[in-house]
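Below is a short briefing on one protein model, grouped by topic. Please look over the sequence and the structure before reading on.

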Amino acid sequence: MKKPTMIIGKKQIILAGMTLILGLAVYINYAVSTSDGKIKATDVVKSQSVNYGDAQLVSTDSASDYFAQARIDRMNSRDEAVETLKNIMNGGDSTEEEKKVAEEEASAMTGLMESESKVETLVKAAGFEDCVVYLDGDNANIVVKTDSDGLVASEAAQIKDILLSEVSVANENIRIYDVE
């Protein structure tokens with residue numbers, strides 16, 4: 001069997017040189033076009049001492065604080081309820097009937113949390129800036145961030161339609177609040 005040999009001829013050297021010249025031309029064109037006809041010179045980087053962990057003042061609006069705090073409060077109350085249900089299910093003095101009821105409540109709570117998340121996502125997708133949904137099985141409370149004009153009847157109907165597509169709640173038990 002014959003071993004392949006690598007022969008570099010004139011054509012290969014010319015092709016490599018032209019490729020190098022083309023790459024150089026593209027770079028120079030880019031450098032000149034981004035700096036208004038002058039070749040861009042870089043600045044000297046001066047090292048700065050940074051203290052990581054220093055506190056910085058950050059301003060936020062009260063509406064976003066409300067939504068963040070509402071989500072945290074809802075999560076904390078749900079965590080407490082889940083912990084109570086776990087104690088009932090794992091407790092040695094609980095009867096089988098109490099454990100069964102606790103399991104049903106846990107699955108219902110999981111379904112409500114999923115529904116809340118879906119409704120919040122769908123309301124945001126409908127064009128509202130932010131939203132928090134509270135479901136407890138029979139009642140639904142929705143808090144929506146709006147402009148200074150407030151909610152229009154058509155927007156409230158749209159939110160109500162989104163809610164009813166995910167959960168079944170009586171119309172008189174649906175409350176929609178707007179926050180600027």
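What share of the contacts in the protein with a separation of 6 or more comes from residues 24 or more positions apart? Such residues account for 58% of these contacts, a contact being heavy atoms within 4.5 Å. The model is predicted, so local features need pLDDT of at least 70 and side-chain atom pairs count only at pLDDT 80 or more, while totals for chains, interfaces and linings use all residues. Residues are numbered from 1 along each chain as its sequence is written, and side-chain values use heavy atoms, with hydrogens and water left out.

**Overall layout**

- The protein has four helices and three strands; these are DSSP runs numbered from the N terminus, with helices being H or I of at least four residues and strands E of at least two.
- Along the sequence the order of elements is α-α-α-β-β-α-β.
- Of the 180 residues, 20% count as buried; buried means under 20% relative accessible area, exposed over 50%, and partly exposed in between (1.4 Å probe, protein chains only).
- The protein exposes about 14100 Å², of which carbon and sulfur atoms supply 55%; accessible areas come from the Shrake-Rupley method with a 1.4 Å probe, and for residues only the protein chains shown count as cover.

**Strands**

- S1 and S2 run antiparallel and are joined by five bridges; two strands pair if DSSP finds at least two bridges between them.
- Leu135 has Ala140 in S2 as its bridge partner.
- The two strands S1 and S2 form a hairpin with four residues between them, and Gly137 in the turn has a positive phi of about 100 degrees.
- S2 and strand S3 (residues 174-179) run parallel, with six bridges between them.
- Val143 is the bridge partner of Tyr177 in S3.
- From S2 the chain passes through helix H4 (residues 153-166) to S3 in a right-handed β-α-β crossover; right-handed means that, with the strands pointing away from the viewer, the path from the first strand over the helix to the second runs clockwise.
- S2 is largely enclosed by the rest of the structure, because five of its six residues are buried.

**Salt bridges**

- Side chains of opposite charge can pair when their charged atoms come close.
- A salt bridge is a side-chain nitrogen of Lys or Arg within 4 Å of a carboxyl oxygen of Asp or Glu, and the count by this rule is six.
- Asp130 and Arg71 form one of them, at 2.7 Å from N to O.
- That pair links distant parts of the chain, 59 residues apart: Asp130 is in the loop between helix H3 (96-125) and strand S1 (131-135), and Arg71 is in helix H2 (residues 62-90).
- Asp130 is buried at 13% relative accessibility, whereas Arg71 is partly exposed at 23%.
- Asp130 also forms a salt bridge with Lys124 (3.6 Å, N to O), and Lys124 is partly exposed at 36%.
- In the salt bridge between Glu129 and Lys145, the closest N and O atoms are 3.1 Å apart.
- Glu129 lies in the loop between H3 and S1 and Lys145 in strand S2 (residues 140-145), so this pair ties together parts 16 residues apart in sequence.
- Glu129 is exposed at 57%, while Lys145 is buried at 10%.
- A network of salt bridges links Arg74, Arg78, Glu116 and Glu120.

**Surface patch**

- Leu24, Tyr27 and Ile28 make up a nonpolar surface patch with about 320 Å² of accessible area together.
- Patches consist of residues with over 30% relative accessible area and no salt bridge, where like charges are joined within 9 Å and nonpolar side chains (Val, Leu, Ile, Met, Phe, Trp, Tyr) within 5 Å.
- Tyr27 is located in helix H1 (residues 10-34) and is exposed at 54% relative accessibility.
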